Amino acid sequence: MYTQLADWHGPGPWILLIPLVWIAVVILVIAVLRRTVRRQHGCAFGGGAGAVAEHPLAVLGRRYAEGDIDAEEYRAKRAVLSEPPRGDARGGGAR
């Protein structure tokens, strides 16, 4: 009598991929958690002293929202920050 188990030679070499997939999943979860924690603590992607500074208009808006400055001061400072940079009269940049 022929049985199916007689021709079965084991799971094969593809079985080694299962642990690699689980290792990749664990590494991905750790990377996502680390990135989330860095963002919650206000660190830039690189973190540390090389952190990217916040945009001046964002800082101004936050100060206004927190009540550090009044509406008149906010509008005046926003106008200064929003005006185009001064260059020579021809509109040229750096030479």
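Is Glu 73 buried, partly exposed or exposed, and what is its relative accessibility? Glu 73 counts as partly exposed, because its relative accessibility is 31%; the cut-offs are under 20% relative accessible area for buried, over 50% for exposed and in between for partly exposed, with a 1.4 Å probe and protein chains only.

1. Ground rules. We're looking at a predicted model, where local features need pLDDT of at least 70, side-chain atom pairs count only at pLDDT 80 or more, and totals for chains, interfaces and linings use all residues. Residues are numbered from 1 along each chain as its sequence is written, and side-chain values use heavy atoms, with hydrogens and water left out.

2. Overall layout. The protein has three helices and zero strands, giving the pattern α-α-α along the sequence. Both kinds of element are DSSP runs numbered from the N terminus: helices are H or I with at least four residues, strands are E with at least two. Of the 95 residues, 4% count as buried.

3. Helix 2 against helix 3. The axes of helix 2 (residues 56-66) and helix 3 (residues 71-82) come within 10 Å and cross at roughly 175°. Axes here are lines fitted to C-alpha atoms, for helices over the stretch in contact, and angles run from 0 to 180 degrees between N-to-C directions. The two helices are therefore roughly antiparallel to each other (over 145 degrees; under 35 is roughly parallel, 65 to 115 roughly perpendicular, the rest oblique).

4. Who touches whom. On the helix 2 side, the contact (heavy atoms within 4.5 Å) is made by Pro 56, Leu 57, Leu 60, Gly 61, Arg 63 and Tyr 64. Helix 3 brings Ala 71, Tyr 74, Lys 77, Arg 78, Leu 81 and Ser 82. Together they divide into seven nonpolar, two polar and three charged residues. In that scheme Ala, Val, Leu, Ile, Met, Phe, Trp, Tyr, Cys and Pro are nonpolar, Asp, Glu, Lys and Arg are charged, and the others, Gly among them, are polar.

5. The tyrosines. The structure holds one aromatic pair: Tyr 64 and Tyr 74 are stacked, at 4.6 Å centre to centre with 20° between the planes. Rings of Phe, Tyr and Trp (its six-membered ring) pair if their centres lie within 6.5 Å, with planes under 30 degrees apart called stacked, over 60 edge-to-face and the rest tilted. Tyr 64 sits in helix 2 and Tyr 74 in helix 3, ten residues apart, so the pair links distant parts of the chain. Tyr 64 is partly exposed, at 35% relative accessibility.

6. About one helical turn separates Lys 77 and Glu 73, because they lie four residues apart in helix 3. Lys 77 is partly exposed at 32% relative accessibility.

7. The Arg 62 network. Salt bridges that share partners join Glu 54, Arg 62 and Glu 66 into one network. Glu 54 and Arg 62 meet at 2.8 Å, N to O, while Arg 62 and Glu 66 have their closest N and O atoms 3.8 Å apart. Arg 62 and Glu 66 both lie in helix 2, four residues apart, about one turn of the helix. As for accessibility, Glu 54 is partly exposed at 47%, Arg 62 is partly exposed at 36%, and Glu 66 counts as exposed at 52%.

How values were computed: A salt bridge is a side-chain nitrogen of Lys or Arg within 4 Å of a carboxyl oxygen of Asp or Glu.
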